[in-house]
Amino acid sequence: MGFFYIIYYPNSVQPGLFLFLDSCVDIIGGYAVTPHSRPYMALIKGKDYCGGALIKENWVLTAAHCKMGFKRAQSDKGTVILGAHSFSKKEKEQQIIKITRSIRYPCFNDQKKENDIMLLQLQRKAKINKAVKTIKLPNTDTDPKPGTQCKVAGWGIIKNGDRKPSDILREVNITIIDRRICNDQIHYNYNPIITMNMVCAGDKNGGKDSCVGDSGGPLICNGELKGITSFGKTNKCGAVQSPGVYARLTKTYLLWIKKTIGGDL
């Protein structure tokens with residue numbers, strides 16, 4: 001999958017027209033979720049569109065490689081849409097809030113795909129209700145074991161080569177894969193290295209994956225937030241040889257998040 005960079009033109013004559021520069025991540029082999037049943041999901045529209053997770057009323061956790069500022073107005077850091085099911089339609093449940101700050105993890109490395117985590121501060125606090133809720137950060141940084149069943153959701157493309165995002169929120173069931181397998185010659189071949197700060201997840205038979213547009217969305221394992229959708233190989237979403245890679249919420253990341261946003265979670 002690689003990094004998925006997507007330019008969004010808010011003033012386009014054709015709403016939803018996107019130019020794919022590289023590759024972000026969408027859901028392959030998944031299913032449509034019940035509308036508003038994932039109340040922690042955030043749809044982020046800036047220079048890219050990405051997913052995210054609402055972790056506090058005015059803070060969203062996403063991927064560092066997602067680009068927030070619009071090309072024509074760098075002061076515009078984009079918006080977060082909470083309570084969304086549809087990508088394009090207005091819904092009464094939606095809360096649209098501007099982003100005031102985007103804070104990348106200090107050691108983010110675009111080449112090595114390392115430390116791919118970012119925090120977005122919102123202009124105001126979200127109103128918590130049935131369609132909009134926060135998700136708790138994990139109490140521990142336990143490394144998900146190979147074979148662990150997980151879920152990832154997003155508005156990304158549903159097949160390789162698509163140019164438009166899914167118009168509804170979709171989710172897919174995936175399984176954690178041993179790092180040694182992800183790093184071997186058949187898979188990523190240490191390019192980049194899948195480190196202890198990352199986890200691989202997919203399906204042993206392929207066909208289930210995040211893809212272009214899903215970057216920044218939460219990886220949920222056994223009901224707990226364990227990671228952030230990060231990267232894969234371009235045009236190979238769902239391929240057995242290129243499972244999705246997720247930034248793992250390590251102790252170091254969790255301490256940085258709590259220090260940055262302040263207060264109890």
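**Salt bridges and a barrel**

Biologist: Which side chain does Arg180 meet in a salt bridge?
Modeller: In this predicted model, the side chain of Arg180 meets that of Asp178, with N and O 3.1 Å apart. Arg180 counts as exposed, because its relative accessibility is 67%.

Biologist: How many salt bridges are there by this rule?
Modeller: The count comes to 6. One of them joins Asp143 and Arg179, whose closest N and O atoms are 2.8 Å apart. Asp143 sits in the loop between strand 9 and strand 10 and Arg179 in helix 1, so the pair ties together parts that are 36 residues apart in sequence.

Biologist: Are Asp143 and Arg248 buried or exposed?
Modeller: Asp143 is partly exposed, at 24% relative accessible area, whereas Arg248 is buried, at 7%.

Biologist: Changing topic, what does the barrel look like?
Modeller: The barrel is closed and has 6 strands in the order 4-5-6-9-8-7, with antiparallel pairing. Neighbouring strands are turned by 40° against each other on average, direction ignored. Strands 8 and 9 pair over 5 bridges, and Ser102 has Leu120 as its bridge partner in strand 9.

Biologist: What lies in the loop between strand 8 and strand 9?
Modeller: Asp116 is found there. Asp116 is buried yet has no salt bridge, the nearest side chain of opposite charge being Arg104, 6.9 Å away. The side chain of Asp116 does make a polar contact with that of Ser230, at 2.7 Å.

Key
Residues are numbered from 1 along each chain as its sequence is written. This is a predicted model: local features need pLDDT of at least 70, side-chain atom pairs count only at pLDDT 80 or more; totals for chains, interfaces and linings use all residues. Side-chain values use heavy atoms; hydrogens and water are left out. Two strands pair if DSSP finds at least two bridges between them. Helices (H or I, at least four residues) and strands (E, at least two) are DSSP runs, numbered from the N terminus. Axes are lines fitted to C-alpha atoms, for helices over the stretch in contact, and angles run from 0 to 180 degrees between N-to-C directions. Buried means under 20% relative accessible area, exposed over 50%, partly exposed in between (1.4 Å probe, protein chains only). Lys and Arg count as positive and Asp and Glu as negative; His and the chain ends are not counted. A salt bridge is a side-chain nitrogen of Lys or Arg within 4 Å of a carboxyl oxygen of Asp or Glu. A polar contact is a pair of N or O atoms within 3.5 Å; within protein, one must be able to donate a hydrogen and the other to accept it, and residues adjacent in sequence count only if both atoms are side-chain atoms.
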